Amino acid sequence: MPFTARKGDRRGEPIMRNWKPILALALMAGLLTVLAGCGSDSTTPQETYDIDATTAEQWSEQSLEMINQMIATIPQVSQGDFAALGSGMKSAQEPVWDEMEEAWVLDVTESFTEGDPVHSTMEMSLSVWIQFRNAEGNLPSPLGATEMEYRAGSGMVMDNNEEGTAHMEFDYETAMVVAYQETGYGVEGTGAASVYASQTTDQVSQSMSIDLGYGMEMFLPLEGCPGGTAWVTAGQYRTDAVYDGEGMVDWTLAGPNYEASGSDPVECAGLPQ
(Lines give C-alpha, C1' and ligand atoms only; values in the text may rest on other atoms or scores of the structure.)
Protein backbone atom coordinates (compact mmCIF):
# COMPACT_ATOMS: atom_id res chain seq x y z
CA MET A 1 0.00 0.00 0.00
CA PRO A 2 1.61 3.34 -1.03
CA PHE A 3 2.35 5.69 1.82
CA THR A 4 0.75 9.11 2.07
CA ALA A 5 3.14 11.99 1.49
CA ARG A 6 3.55 14.01 4.66
CA LYS A 7 2.50 17.63 4.68
CA GLY A 8 5.47 18.49 6.85
CA ASP A 9 6.22 21.59 8.88
CA ARG A 10 5.59 24.67 6.75
CA ARG A 11 7.07 27.20 9.18
CA GLY A 12 10.13 27.59 7.01
CA GLU A 13 8.33 27.95 3.69
CA PRO A 14 8.92 28.92 1.02
CA ILE A 15 12.06 26.84 0.50
CA MET A 16 11.36 25.84 -3.06
CA ARG A 17 7.76 27.07 -3.27
CA ASN A 18 7.29 29.46 -6.20
CA TRP A 19 10.98 29.57 -7.15
CA LYS A 20 10.43 28.42 -10.73
CA PRO A 21 7.89 31.08 -11.74
CA ILE A 22 9.75 33.70 -9.72
CA LEU A 23 12.97 32.87 -11.57
CA ALA A 24 11.09 32.95 -14.86
CA LEU A 25 9.60 36.35 -14.14
CA ALA A 26 12.95 37.70 -12.98
CA LEU A 27 14.68 36.50 -16.13
CA MET A 28 11.92 37.83 -18.36
CA ALA A 29 11.92 41.18 -16.58
CA GLY A 30 15.64 41.33 -17.24
CA LEU A 31 15.04 40.61 -20.92
CA LEU A 32 12.45 43.37 -21.24
CA THR A 33 14.73 45.81 -19.42
CA VAL A 34 17.54 45.04 -21.83
CA LEU A 35 15.22 45.28 -24.82
CA ALA A 36 13.89 48.63 -23.66
CA GLY A 37 17.43 49.88 -23.27
CA CYS A 38 18.35 48.72 -26.76
CA GLY A 39 15.46 50.49 -28.49
CA SER A 40 15.90 52.99 -31.29
CA ASP A 41 13.75 55.20 -33.48
CA SER A 42 13.95 52.69 -36.31
CA THR A 43 11.09 50.34 -37.11
CA THR A 44 13.54 47.95 -38.78
CA PRO A 45 13.54 44.56 -37.04
CA GLN A 46 16.58 44.15 -34.83
CA GLU A 47 18.81 41.12 -34.48
CA THR A 48 18.65 39.04 -31.32
CA TYR A 49 20.76 40.72 -28.65
CA ASP A 50 23.49 39.05 -26.61
CA ILE A 51 23.37 39.58 -22.86
CA ASP A 52 26.01 41.79 -21.28
CA ALA A 53 28.21 40.93 -18.32
CA THR A 54 26.02 42.70 -15.76
CA THR A 55 22.91 40.82 -16.88
CA ALA A 56 24.84 37.54 -16.95
CA GLU A 57 26.00 38.12 -13.38
CA GLN A 58 22.48 38.90 -12.17
CA TRP A 59 21.01 35.81 -13.81
CA SER A 60 23.85 33.60 -12.66
CA GLU A 61 23.35 34.77 -9.08
CA GLN A 62 19.61 34.05 -9.34
CA SER A 63 20.36 30.58 -10.73
CA LEU A 64 22.86 29.90 -7.95
CA GLU A 65 20.26 30.94 -5.38
CA MET A 66 17.86 28.51 -7.06
CA ILE A 67 20.44 25.75 -6.60
CA ASN A 68 20.86 26.71 -2.93
CA GLN A 69 17.09 26.44 -2.43
CA MET A 70 17.02 23.06 -4.14
CA ILE A 71 19.85 21.80 -1.94
CA ALA A 72 18.05 22.94 1.22
CA THR A 73 14.92 21.04 0.17
CA ILE A 74 16.52 17.72 -0.83
CA PRO A 75 16.55 16.14 2.67
CA GLN A 76 12.80 16.76 3.09
CA VAL A 77 11.86 15.44 -0.34
CA SER A 78 14.16 12.45 0.09
CA GLN A 79 12.16 11.52 3.19
CA GLY A 80 8.84 11.77 1.34
CA ASP A 81 7.89 15.28 2.45
CA PHE A 82 6.68 16.92 -0.76
CA ALA A 83 5.25 20.04 0.89
CA ALA A 84 8.54 21.90 0.34
CA LEU A 85 8.29 21.49 -3.43
CA GLY A 86 5.23 23.66 -3.95
CA SER A 87 3.52 24.02 -7.28
CA GLY A 88 3.83 27.79 -7.61
CA MET A 89 0.25 27.68 -8.87
CA LYS A 90 -2.96 29.24 -7.57
CA SER A 91 -4.15 25.81 -6.47
CA ALA A 92 -1.63 24.21 -4.12
CA GLN A 93 -0.92 20.68 -5.32
CA GLU A 94 1.56 17.92 -4.53
CA PRO A 95 2.61 14.79 -6.44
CA VAL A 96 0.36 11.71 -6.26
CA TRP A 97 1.31 8.04 -6.55
CA ASP A 98 1.12 6.61 -10.09
CA GLU A 99 0.92 2.80 -10.15
CA MET A 100 1.95 2.56 -13.81
CA GLU A 101 4.95 4.87 -13.46
CA GLU A 102 5.82 3.51 -10.01
CA ALA A 103 6.57 7.11 -9.14
CA TRP A 104 5.06 10.21 -7.56
CA VAL A 105 3.79 12.43 -10.36
CA LEU A 106 2.39 15.95 -10.74
CA ASP A 107 1.24 17.61 -13.98
CA VAL A 108 -0.60 20.92 -13.78
CA THR A 109 -1.32 23.83 -16.12
CA GLU A 110 -2.99 27.12 -15.25
CA SER A 111 -3.91 30.25 -17.19
CA PHE A 112 -4.10 33.86 -15.99
CA THR A 113 -5.50 37.03 -17.56
CA GLU A 114 -5.36 40.71 -16.67
CA GLY A 115 -7.46 43.69 -17.71
CA ASP A 116 -10.96 44.30 -19.01
CA PRO A 117 -10.75 43.99 -21.92
CA VAL A 118 -7.89 41.52 -21.49
CA HIS A 119 -4.50 43.00 -22.37
CA SER A 120 -2.22 40.42 -20.74
CA THR A 121 -2.29 36.62 -20.66
CA MET A 122 -0.04 34.06 -19.03
CA GLU A 123 0.01 30.26 -19.04
CA MET A 124 2.12 28.28 -16.57
CA SER A 125 2.81 24.55 -16.50
CA LEU A 126 4.65 22.30 -14.07
CA SER A 127 5.53 18.61 -14.08
CA VAL A 128 7.24 16.65 -11.30
CA TRP A 129 8.35 12.99 -11.27
CA ILE A 130 9.86 11.38 -8.14
CA GLN A 131 10.91 7.75 -7.79
CA PHE A 132 12.38 5.92 -4.79
CA ARG A 133 14.29 2.68 -5.41
CA ASN A 134 16.90 0.20 -4.29
CA ALA A 135 18.76 -2.70 -5.92
CA GLU A 136 15.59 -4.80 -5.93
CA GLY A 137 13.41 -2.28 -7.77
CA ASN A 138 11.17 0.76 -7.41
CA LEU A 139 9.47 1.62 -4.12
CA PRO A 140 6.35 3.60 -3.18
CA SER A 141 8.14 5.31 -0.27
CA PRO A 142 11.66 6.17 0.91
CA LEU A 143 11.53 3.27 3.40
CA GLY A 144 14.32 0.90 2.30
CA ALA A 145 15.38 3.13 -0.58
CA THR A 146 19.02 3.64 -1.49
CA GLU A 147 18.41 6.44 -3.98
CA MET A 148 15.79 8.86 -5.27
CA GLU A 149 15.45 10.23 -8.78
CA TYR A 150 13.81 13.63 -9.18
CA ARG A 151 12.77 15.20 -12.49
CA ALA A 152 10.89 18.44 -13.01
CA GLY A 153 9.94 20.74 -15.84
CA SER A 154 8.09 24.01 -16.03
CA GLY A 155 7.06 26.50 -18.66
CA MET A 156 5.58 29.95 -18.92
CA VAL A 157 4.20 31.92 -21.87
CA MET A 158 3.22 35.57 -21.47
CA ASP A 159 1.68 38.01 -23.96
CA ASN A 160 0.88 41.68 -23.48
CA ASN A 161 -0.63 44.19 -25.92
CA GLU A 162 -0.95 47.22 -23.67
CA GLU A 163 1.72 49.24 -25.48
CA GLY A 164 2.54 47.52 -28.72
CA THR A 165 3.04 43.78 -28.27
CA ALA A 166 5.34 41.82 -25.99
CA HIS A 167 5.82 38.07 -25.98
CA MET A 168 7.87 36.02 -23.49
CA GLU A 169 8.56 32.31 -23.17
CA PHE A 170 10.35 30.35 -20.45
CA ASP A 171 11.11 26.63 -20.36
CA TYR A 172 12.97 24.80 -17.61
CA GLU A 173 13.90 21.20 -16.83
CA THR A 174 16.04 19.53 -14.21
CA ALA A 175 17.07 16.03 -13.18
CA MET A 176 18.73 14.86 -9.97
CA VAL A 177 19.76 11.56 -8.43
CA VAL A 178 20.07 11.49 -4.64
CA ALA A 179 22.03 8.66 -3.03
CA TYR A 180 21.11 7.81 0.58
CA GLN A 181 24.28 7.51 2.65
CA GLU A 182 24.86 6.79 6.33
CA THR A 183 25.73 10.38 7.22
CA GLY A 184 23.83 12.30 4.55
CA TYR A 185 22.89 12.55 0.89
CA GLY A 186 25.03 12.48 -2.24
CA VAL A 187 23.50 14.59 -5.01
CA GLU A 188 24.25 14.81 -8.72
CA GLY A 189 22.08 16.99 -10.92
CA THR A 190 21.83 18.94 -14.14
CA GLY A 191 19.31 21.34 -15.57
CA ALA A 192 18.66 23.78 -18.39
CA ALA A 193 16.45 26.76 -19.11
CA SER A 194 15.66 28.82 -22.19
CA VAL A 195 14.18 32.30 -22.19
CA TYR A 196 12.89 34.27 -25.16
CA ALA A 197 11.38 37.74 -25.32
CA SER A 198 10.23 39.96 -28.17
CA GLN A 199 8.84 43.48 -28.28
CA THR A 200 7.17 45.45 -31.05
CA THR A 201 6.09 49.10 -30.78
CA ASP A 202 5.65 52.00 -33.18
CA GLN A 203 9.34 52.75 -32.76
CA VAL A 204 11.06 49.37 -32.60
CA SER A 205 10.79 45.64 -33.22
CA GLN A 206 13.35 43.49 -31.47
CA SER A 207 13.95 40.22 -29.65
CA MET A 208 16.36 38.54 -27.28
CA SER A 209 16.96 34.99 -26.13
CA ILE A 210 19.24 33.24 -23.67
CA ASP A 211 20.02 29.66 -22.72
CA LEU A 212 21.02 28.77 -19.17
CA GLY A 213 22.35 25.54 -17.72
CA TYR A 214 23.53 24.21 -14.39
CA GLY A 215 25.07 21.18 -12.78
CA MET A 216 26.02 20.10 -9.27
CA GLU A 217 27.85 17.39 -7.39
CA MET A 218 27.23 17.78 -3.69
CA PHE A 219 27.20 16.02 -0.33
CA LEU A 220 24.55 17.11 2.15
CA PRO A 221 25.23 15.92 5.71
CA LEU A 222 22.40 15.13 8.08
CA GLU A 223 23.97 17.59 10.50
CA GLY A 224 26.12 20.31 8.99
CA CYS A 225 26.66 22.29 5.81
CA PRO A 226 26.72 21.24 2.14
CA GLY A 227 30.03 20.62 0.43
CA GLY A 228 30.84 20.17 -3.24
CA THR A 229 30.70 22.06 -6.50
CA ALA A 230 28.15 23.58 -8.86
CA TRP A 231 28.25 25.50 -12.12
CA VAL A 232 25.91 27.80 -14.02
CA THR A 233 26.15 28.94 -17.64
CA ALA A 234 24.36 32.01 -19.03
CA GLY A 235 25.10 32.63 -22.68
CA GLN A 236 28.88 32.97 -23.00
CA TYR A 237 29.32 33.35 -19.23
CA ARG A 238 30.03 30.61 -16.71
CA THR A 239 29.85 30.64 -12.92
CA ASP A 240 31.73 28.04 -10.88
CA ALA A 241 30.80 27.64 -7.22
CA VAL A 242 32.53 25.79 -4.40
CA TYR A 243 30.62 24.89 -1.22
CA ASP A 244 33.13 24.71 1.62
CA GLY A 245 31.11 22.50 3.99
CA GLU A 246 31.18 25.25 6.62
CA GLY A 247 28.22 27.35 5.53
CA MET A 248 29.63 29.38 2.64
CA VAL A 249 29.70 29.15 -1.14
CA ASP A 250 32.46 30.91 -3.08
CA TRP A 251 31.68 31.67 -6.74
CA THR A 252 33.54 33.02 -9.75
CA LEU A 253 31.90 34.29 -12.94
CA ALA A 254 33.96 34.45 -16.13
CA GLY A 255 33.07 35.51 -19.66
CA PRO A 256 34.24 37.68 -22.55
CA ASN A 257 36.60 40.25 -21.04
CA TYR A 258 34.89 39.98 -17.68
CA GLU A 259 35.35 38.28 -14.32
CA ALA A 260 33.58 38.64 -10.98
CA SER A 261 33.59 36.72 -7.72
CA GLY A 262 31.87 36.62 -4.37
CA SER A 263 30.84 34.57 -1.33
CA ASP A 264 27.43 33.89 0.13
CA PRO A 265 26.06 31.96 3.15
CA VAL A 266 24.07 28.77 2.57
CA GLU A 267 21.59 26.89 4.73
CA CYS A 268 22.98 24.12 6.95
CA ALA A 269 21.04 21.11 8.19
CA GLY A 270 20.27 20.96 11.88
CA LEU A 271 22.28 24.08 12.68
CA PRO A 272 21.09 27.53 13.86
CA GLN A 273 20.79 30.00 10.99
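**Entry 1: the disulfide**

I began with the cysteines and found that a disulfide joins Cys 225 to Cys 268, with an S to S distance of 2.0 Å; a disulfide here is a pair of cysteine sulfur atoms within 2.5 Å. By this rule I count 1 disulfide. I noted beside it that a disulfide is a covalent bond between the sulfur atoms of two cysteines. The torsion about the S-S bond of Cys 225 and Cys 268 is about 100°, so I wrote the disulfide down as right-handed. Cys 225 lies in the loop between strand E8 (205–221) and strand E9 (227–234), while Cys 268 lies in the segment after strand E12 (258–265), so the pair ties together parts that are 43 residues apart in sequence. Strands (E, at least two residues) and helices (H or I, at least four) are DSSP runs, numbered from the N terminus. Both Cys 225 and Cys 268 are buried, where buried means under 20% relative accessible area, exposed over 50%, and partly exposed in between, with a 1.4 Å probe and protein chains only.

**Entry 2: what I am looking at**

I reminded myself that this is a predicted model, in which local features need pLDDT of at least 70 and side-chain atom pairs count only at pLDDT 80 or more, while totals for chains, interfaces and linings use all residues. Residues are numbered from 1 along each chain as its sequence is written, and side-chain values use heavy atoms, with hydrogens and water left out.

I followed helix H2 (residues 53–78), which has 26 residues and reaches 37 Å from its first C-alpha to its last, close to the 38 Å expected at 1.5 Å a residue; the expected span is 1.5 Å times one less than the number of residues. H2 bends by about 30° at Ala 72, and Pro 75 follows within four residues; the bend is the angle between axes fitted to the seven residues ending there and the seven starting there. Just after H2, Gly 80 takes a positive phi of about 85°.

The largest nonpolar core has 57 residues, and among the members touching the most others are Ile 67, Phe 132 and Tyr 243; such a core is a set of buried Ala, Val, Leu, Ile, Met, Phe, Trp, Tyr and Cys residues joined through side-chain atoms within 4.5 Å. H2 gives the largest share of this core, 10 residues. Leaving aside neighbours within four places in sequence, Tyr 243 is in contact with residues including Leu 64, Ile 67, Asn 68, Ile 71 and Pro 226, contact meaning heavy atoms within 4.5 Å.

**Entry 3: Tyr 185**

I found Tyr 185 in strand E7 (residues 184–200), and it counts as buried because its relative accessibility is 6%. Its contacts, beyond four places in sequence, include Pro 75, Ser 78, Gln 79 and Leu 220. Tyr 185 and Leu 220 are 35 residues apart in sequence and 5.0 Å apart in space, C-alpha to C-alpha. A polar contact of 2.9 Å joins the side chains of Tyr 185 and Gln 79; this is a pair of N or O atoms within 3.5 Å, where, within protein, one must be able to donate a hydrogen and the other to accept it, and residues adjacent in sequence count only if both atoms are side-chain atoms.

**Entry 4: Asp 240**

Asp 240 is in strand E10 (residues 237–244) and is partly exposed, with a relative accessible area of 35%. The side chain of Asp 240 makes a polar contact with the side chain of Arg 238 (3.0 Å).
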